Amino acid sequence: MLLLTFATLNAQECHAPMAEWQNACQILMFTPGSELFDGLIHPAAGLFEEYFDADAAAMEHRNYIRMLEANGITVTNIRDVLLQIDIDTLREMAYSVLTYDTEGLSKKDAEQYGEAYKRTIIGKMSRQDLSRVLLLQPTVVLKSVDNNTGIEAVYKHTPVMNLYFTRDQSINTPRGMVVCQMNSSQRFPETRILKMVYAHLGIKPVFEVKGDGRLEGGDYIPAGNEAFIGCGMRTNIQAIKQMMEADAFGHDTVVVVNDHLLWQMEMHLDTHFGIIDRNLCTMQASRANARKGDKEYCTVDVYARQKGTKEYKLIKKNIGFVDYVTSRGYKIIKINRQDELHYANNYLTIAPRHIMAVGGQSEEYQKALKDNGVTVEWMPLENLIRGYGAAHCMTQVIERRFQP
């Protein structure tokens, strides 16, 4: 399978996304597989909402990809990329994540079945098995015994079960790709895998969040000369300031949306706010109707880049989110609680007033979209959404076609 590279996409006059409503050209996705299973047997610990059928989820994901491709969008699947990465690079990464716990071995067995043995086994592995090592992150707890081969083991996995939410590990700004730092330590390995994938695709990140900074891609929404960035449960102000200091946003204005609710169901900005066109957006109704002092009332702090410099300066503070959005010319379609709990807001805009969304929403919401000239391709995602995410969360838009 031939994968497009960054250079190839530029030849098609596609660029890093400037705005959420621009035509999508290429999207990076990851079809879930066996790495889901450990999370499914204890969903809360796996950061999932509830149990779902892994095989059915994979079928839903493949259907989503087919629907995107039917719209002329190139979808690059991380599973395919892992099978094309330089074999030595793949082996080194696999070697670094496979752990042999030799505490229970005799000295002789530890010498025979330790790191050198691991290196030998990794050196024999196929690409497919090396990929499995990356996705399962296994630990082999070894023990010397007096029977059979003389060695017994307990096998443990720390799988990257949330990797199918490819929105989160990075954000794509007008400056280029920024590697995030996940809020949950069990998701840290995902960014290592994504960096390796980007290197293979010829995409060099312009910045990586470090230290105490926490940034997840679901909190970033590009909107032309300005960017909306959620600050709350999964993204913090330290990461946002790191990005501004490094001029990694590339937008003239950065709008920090402060979330005071801190609810897992609405963990990212894209779970309660979305943009369909330059003058049309959606918002969860209880947030849109909230009053100052309510937990669901969001405020924004607005930073503007100073003329002729790369420095951002705070120019507005504690402005009501709804007031700011309407002042920027957006009409707000309100989403009721029932639809919101069915991930109605977590759609992907693939062109102006053209979205891919979770099926099964209310007639009220369907009519509101239709009345505003929105083309909607409804998708069955009943298993995938039980992982706490939907159409937007499962996509990383690498390139969009520039529109003035």
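This note goes through the predicted model point by point, from the overall fold to single residues.

1. **Overall dimensions.** The model is predicted, so every remark here concerns a computed structure. The protein chain holds 14 helices and 21 strands. Its C-alpha trace spans about 75 × 50 × 45 Å along the principal axes. The radius of gyration is 22 Å; a compact globule with 404 residues would have a value near 22 Å, so the two agree.

2. **Burial.** Of the 404 residues in the protein chain, 57% are buried.

3. **Strand 2.** This strand covers residues 23-29. Six of its seven residues are buried, so strand 2 is largely enclosed by the rest of the structure. Strand 21 (residues 396-401) runs antiparallel to strand 2, and five bridges join them. Strand 3 (residues 74-77) pairs with strand 2 in the parallel sense, over four bridges.

4. **L28 as a reference point.** Which residue of strand 21 is the bridge partner of L28? That partner is Q396. In strand 3, the bridge partner of L28 is T76. Strands of a sheet pair through backbone hydrogen bonds, parallel or antiparallel.

5. Strand 5 takes in residues 138-144. It runs antiparallel to strand 6, and seven bridges join the two. Within this pair, L142 stands opposite A153 in strand 6. In a regular strand, the side chains alternate between the two faces of the sheet.

6. **Largest pocket: size and lining.** The largest pocket contains about 330 Å³ of space. Its lining has 18 residues. Which of them lie nearest the centre of the pocket? They are Y100, Y117, V140, L142 and Y155.

7. **Largest pocket: where the lining comes from.** Helix 7 (115-124), helix 8 (127-136), strand 5 and strand 6 each supply at least two lining residues. Strand 6 gives the largest share, five residues.

8. **Cavities.** How many cavities of 30 Å³ or more does a search of the whole structure find? The search gives four. The largest cavity holds about 90 Å³ of space. Its lining divides into five nonpolar, four polar and three charged residues. Among them are D168, R187 and R234. The lining also includes L47, F165, M267, Y388 and C393, as well as N162, H268, T271 and G387.

9. **I203.** This residue sits in the loop between helix 9 (188-201) and strand 9 (207-208). Is I203 buried or exposed? I203 has a relative accessible area of 10%, and buried means under 20%, so the residue counts as buried. I203 and D323 are 120 residues apart in sequence. In space, their C-alpha atoms are 38 Å apart.

Conventions
Residues are numbered from 1 along each chain as its sequence is written. This is a predicted model: local features need pLDDT of at least 70, side-chain atom pairs count only at pLDDT 80 or more; totals for chains, interfaces and linings use all residues. Side-chain values use heavy atoms; hydrogens and water are left out. Two strands pair if DSSP finds at least two bridges between them. On a 1 Å grid over the protein atoms alone, a cavity is a set of points where a 1.4 Å probe fits but cannot get out, and a pocket is an open set with protein on both sides within 12 Å along at least five of seven lines; lining residues have an atom within 4 Å of a point. Grid points are joined across faces, edges and corners, and a volume is the space filled by probe spheres set on the points. The radius of gyration is taken over C-alpha atoms; the globule rule is 2.2 Å times the number of residues to the power 0.38. Buried means under 20% relative accessible area, exposed over 50%, partly exposed in between (1.4 Å probe, protein chains only). Ala, Val, Leu, Ile, Met, Phe, Trp, Tyr, Cys and Pro count as nonpolar, Asp, Glu, Lys and Arg as charged, and the others, Gly among them, as polar.
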